Amino acid sequence: MNDEADLHTLCTEAVARLNQLKINFLAIDFDLTMIDVHTGGTWKGTPMELASHVRPLFKQLVTEAAVNGGIKIAIVTFSPQVRNIGDVLKVTFPDFHDSIPIRGRDKSWTYEGGGSREGKQAYMASAAEELGSIFPGEDFTKNSTLLIDDDVNNIKIALKDGVRAIWLHPSNPYDLLENIRTLT
């Protein structure tokens, strides 16, 4: 990535592609996906220190998607540190952090539906239910959802369950934008 202007242009193009595909919900993993470290669910530093690890790619993509693309965002993570993640979102996305549901292993939520509970499926379904209550005129379905995750297993499970999914290679995160552009 050459500069911030290039990143902005590529993110704008990616969001336009998501809109073409009628994707209205991005479910994004946290550790090694939105951020460039894996906390193992035991981050000892401050939320501000953790916020410094948010990838510039996601700062731009999430902002473009949420503010200009009308796409809703949720964090779906196996981390139990949901409060820390919420604080990171508050610092990183101060204008809309409160509209980003977080689903982690903190026992603060349940999923009562009949869908798959493998991988991130229940996390996404629960977040979609919350988004549906916040935005009652919108439908969040498997077909309108895109999972972005660094864990290949979560990607395979999502695809098998009929949810679009893109693997984020932690060493080559900017490939995500090309993968979105070519998504069908």
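Predicted model: local features only at pLDDT ≥ 70, side-chain atom pairs only at ≥ 80, totals over all residues.
Which residue just after helix 4 takes a positive phi? Just after helix 4, Gly70 has a positive phi of about 65 degrees.

**Helix 4**

- Helix 4 covers residues 56–68, and its 13 residues should span 18 Å at 1.5 Å a residue, which agrees with the 17 Å that lie between its end C-alpha atoms.
- The buried residues of helix 4 are Leu57, Phe58, Gln60, Leu61, Val62, Glu64 and Ala65.
- These buried residues pack against several elements, which are helix 1 (4–20), strand 1 (25–28), helix 2 (30–34), strand 2 (72–76), strand 4 (145–149) and helix 8 (175–181).

**Helix 1**

- Buried positions in helix 1 are Leu7, Cys11, Ala14, Val15 and Leu18.
- Because these residues cover an arc of only 100 degrees around the axis, they lie on the same side of helix 1.
- The partners against which the buried residues of helix 1 pack are strand 1, helix 4, strand 4 and helix 8.
- Just after helix 1, Lys22 takes a positive phi of about 60 degrees.

**Strands that pair in parallel**

- In a regular strand the side chains alternate between the two faces of the sheet.
- In strand 1, Phe25 and Ala27 point one way while Leu26 and Ile28 point the other way, and all of them are buried.
- Strand 1 pairs with strand 2 in the parallel sense over four bridges, and in this pairing Leu26 stands opposite Ile73 of strand 2.
- Strand 1 also pairs with strand 4 in the parallel sense, again over four bridges, with Ile28 opposite Ile148 of strand 4 and with Leu147 of strand 4 as the bridge partner of Ala27.
- Strand 4 is mostly covered, since five of its five residues are buried; Thr145, Leu147 and Asp149 are on one side, and Leu146 and Ile148 are on the other.
- Four bridges join strand 4 to strand 5 (residues 164–167), and these two strands run parallel, with Leu147 standing opposite Ala165 in strand 5.

**Aromatic rings and charges over them**

- A pair of aromatic rings is described by the distance of the centres and the angle of the planes.
- The count of aromatic pairs comes to four, and one of them is the edge-to-face pair of Phe78 and Tyr123, with 5.4 Å from centre to centre and 70 degrees between the planes.
- Phe78 lies in the loop between strand 2 and helix 5 (82–92), whereas Tyr123 lies in helix 6 (residues 121–134), so the pair ties together parts that are 45 residues apart in sequence.
- Phe78 is partly exposed, with a relative accessible area of 27%, whereas Tyr123 has a relative accessible area of 9% and is buried.
- Ring pairs link Phe78 and Tyr123 with Trp109 into a cluster.
- The ring of Phe78 also has the charged end of Arg105 over it, 4.2 Å from the ring centre.
- In another charge-over-ring arrangement, Lys72 lies over the face of Phe135, at 4.3 Å from the ring centre.

**Asp150**

- Asp150 is placed in the loop between strand 4 and helix 7 (152–160).
- Asp150 counts as buried because its relative accessibility is 17%, where buried means under 20%.
- Leaving aside residues up to four places away in sequence, Asp150 touches Asp29, Asp31, Leu32, Thr33, Trp167, Leu168 and Pro170.
- Between Asp150 and Arg103 there are 47 residues of separation in sequence and 16 Å in space, taken from C-alpha to C-alpha.

Conventions. Residues numbered from 1 in each chain as written. Heavy atoms only, no water. Expected span 1.5 Å × (residues − 1). Buried < 20%, exposed > 50% of the residue type's maximum accessible area, 1.4 Å probe, protein only. Contact = heavy atoms within 4.5 Å. Arc of directions from axis to C-beta. Phe/Tyr/Trp six-rings, centres within 6.5 Å; stacked < 30°, edge-to-face > 60°. Lys NZ or Arg CZ within 6 Å of the ring centre and 35° of its normal. Pairing = 2+ DSSP bridges.
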